[in-house]
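Have a look at the model first.

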Amino acid sequence: MSFQSNLSIPTEFREYDKDDIRTQYAALCYRVVRDKTQVLLITSRGTKRWIVPKGWPMAKKAPHEAALQEAKEEGGVIGRASAKPLGTYSYMKVLSNGDEVPCIGLLFPVRVRLLRAEYPEARERKRKWFSLKKAAKKVDEPELARMIRDFDPRQLR
């Protein structure tokens, strides 16, 4: 039985209380160059801090497919997402109305084949490749930093 089959993850929005914990699906976009793993980080639209692509559950898409879709839209990523998540991390998300809400990000590895020059959010975000160590230092969330630092794509096989 897979990790995912044990989760009860909403696939559509519902009304939330401000303190309800929400789920987002995140993509750890990576490539291997000369036996060194690199991670693609993007900037957030508001604060311009370094993050991984992530977004809300999507109807009729599995969680890893939704993470890949977010990577395409936010970072121009063409690649393949693993259906098995690396883990979860917590953070506060600022909504468009200014409210901060607690979120859990379910992180899926995405092996990047290529990056598109043009993609939906290209004018709103920057993207950059980092070593695992540098990427872990760039993100604000300690649990995400740990997963990045410990990531080894050889363990995915």
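Of the 157 residues in this predicted model, 44% count as buried. How far can you trust the picture? The average pLDDT is 89, and 87% of the residues score at least 70. Residues 1-14 are another matter, with pLDDT below 50, although this stretch has 21 contacts in the model beyond near neighbours in sequence. Where pLDDT is low, the predicted coordinates should not be read in detail.

Now follow the chain itself. The protein has 3 helices and 8 strands, and from the N terminus they come in the order β-β-β-β-α-β-β-β-β-α-α. Among contacts between residues at least 6 apart in sequence, 69% join residues at least 24 apart.

Next, turn to the charges. Side chains of opposite charge can pair when their charged atoms come close, and the whole structure holds 7 salt bridges. Arg-49 takes part in two of the contacts of this kind described here: with Asp-140 at 3.8 Å, N to O, and with Glu-141, where the closest N and O atoms are 3.3 Å apart. Glu-141 lies in the loop between α2 and α3 and Arg-49 in the loop between β2 and β3, so this pair ties together parts that are 92 residues apart in sequence. Arg-49 is partly exposed, at 26% relative accessible area; Asp-140 is exposed at 52%, while Glu-141 is buried at 7%.

Another salt bridge joins Arg-125 and Glu-74, at 3.6 Å from N to O. Arg-125 belongs to the loop between β7 and β8 (127-131) and Glu-74 to helix α1, 51 residues apart. Arg-125 counts as buried at 9% relative accessibility, and Glu-74 counts as buried at 6%. Salt bridges with shared partners bring Arg-45, Glu-74, Glu-121, Glu-124 and Arg-125 into one network.

Finally, look at Glu-70, also in helix α1 (residues 63-75). Glu-70 is buried yet has no salt bridge, the nearest side chain of opposite charge being Arg-125, 6.5 Å away. Residues that Glu-70 touches include Pro-53, Trp-56 and Met-58.

Notes:
Residues are numbered from 1 along each chain as its sequence is written. This is a predicted model: local features need pLDDT of at least 70, side-chain atom pairs count only at pLDDT 80 or more; totals for chains, interfaces and linings use all residues. Side-chain values use heavy atoms; hydrogens and water are left out. pLDDT is the predictor's confidence in each residue, from 0 to 100. Contact means heavy atoms within 4.5 Å. Helices (H or I, at least four residues) and strands (E, at least two) are DSSP runs, numbered from the N terminus. Buried means under 20% relative accessible area, exposed over 50%, partly exposed in between (1.4 Å probe, protein chains only). Lys and Arg count as positive and Asp and Glu as negative; His and the chain ends are not counted. A salt bridge is a side-chain nitrogen of Lys or Arg within 4 Å of a carboxyl oxygen of Asp or Glu. Lists of a residue's contacts leave out its neighbours within four places in sequence.
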